[in-house]
Amino acid sequence: AMPPENEITSVSATVDDEDTVVLVGRDNLNLTPLQLLTLGSVWFLPAGAPRDPSLGGKPKRLTVQDATRILDEGDYLRVHHTPRRFPAVYDFSWDGDDDGSIKNDGTASTNKPSVIVASDAEKGYIVINKPAGVPVHCTVDNALENVAD
């Protein structure tokens, strides 16, 4: 069951160790440019780069650290201003902590169900119970809300 639409969820990212960008809510309405950068919804290709991917011209996903980038005339900028959102990602604990205890870093548990079924760092694997509504990989307009991130 989906939580109420007015439930607040936040994700933050830091710009130059000073500003914090917070994604609040579960929709994609009225997202600011920094929120779009946080989601990975902005792509860039310099003016001099070939426009053909077979010739090496492939746009780069911009991040929050690119927020102060100066654009030149002829630069290609693609902005997905209404990115697909996957709010179910915020309903689960992705670090394996779901028991209400204090984590190793001293912060309180999220009390959200964990997606981690089993893991072994020495053997290099992790098994998860992927929640419905959460993509495995990032999408062209949302690199944040997925299993791989």
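1. Start with N146, found in the segment after strand 7. (Strands here are DSSP runs of E with at least two residues, helices are runs of H or I with at least four residues, and both are numbered from the N terminus.) N146 is buried, with a relative accessible area of 4%. Buried means under 20% relative accessible area, exposed over 50%, and partly exposed in between, with a 1.4 Å probe and protein chains only.

2. A word on what you're looking at: this is a predicted model, where local features need pLDDT of at least 70, side-chain atom pairs count only at pLDDT 80 or more, and totals for chains, interfaces and linings use all residues. Residues are numbered from 1 along each chain as its sequence is written, and side-chain values use heavy atoms, with hydrogens and water left out.

3. Back to N146: which residues is it in contact with, leaving aside neighbours within four places in sequence? They are V89, V134, P135, V136, H137 and C138, where contact means heavy atoms within 4.5 Å. P135 sits eleven residues from N146 along the chain, and their C-alpha atoms are separated by 5.1 Å.

4. Now the overall layout. The protein has one helix and seven strands, and along the sequence they follow the pattern β-β-α-β-β-β-β-β. Of the 149 residues, 32% are buried. Taking contacts between residues at least 6 apart in sequence, 47% join residues at least 24 apart.

5. Three strands form an open, antiparallel sheet in the order 4-3-5. Strand 4 (60–61) and strand 5 are the edge strands, each pairing on one side only. Strand 3 (residues 42–45) and strand 4 pair in the antiparallel sense over two bridges; strands pair if DSSP finds at least two bridges between them. W43 has R61 in strand 4 as its bridge partner.

6. Strand 6 (residues 116–120) and strand 7 (residues 125–128) run antiparallel and are joined by four bridges. A118 has V127 in strand 7 as its bridge partner. The two strands form a hairpin with four residues between them, and G124 in the turn has a positive phi of about 80 degrees.

7. What makes up the largest nonpolar core? Eight residues do: L31, L36, L37, L39, V42, F44, L62 and V64. Helix 1 and strand 3 are the elements that give two or more residues to this core, and helix 1 has the largest share, three residues. (A nonpolar core is a set of buried Ala, Val, Leu, Ile, Met, Phe, Trp, Tyr and Cys residues joined through side-chain atoms within 4.5 Å.) Beyond its neighbours within four places in sequence, F44 is in contact with P59, K60, L62, R69, L71, D75, Y76 and L77.

8. Last, the second largest pocket, with about 170 Å³ of space. A pocket is an open set of points on a 1 Å grid over the protein atoms alone, where a 1.4 Å probe fits, with protein on both sides within 12 Å along at least five of seven lines; lining residues have an atom within 4 Å of a point. Volume is the space filled by probe spheres set on the points, which are joined across faces, edges and corners. The lining is P33, L34, L36, L37, V42, L62, D66, A67, R69, L71, L77 and V79. Helix 1 (33–39) and strand 5 (76–79) are the elements giving two or more residues to it, and helix 1 gives the most, with four. The lining divides into ten nonpolar, no polar and two charged residues. Nonpolar covers Ala, Val, Leu, Ile, Met, Phe, Trp, Tyr, Cys and Pro, charged covers Asp, Glu, Lys and Arg, and the others, Gly among them, count as polar.
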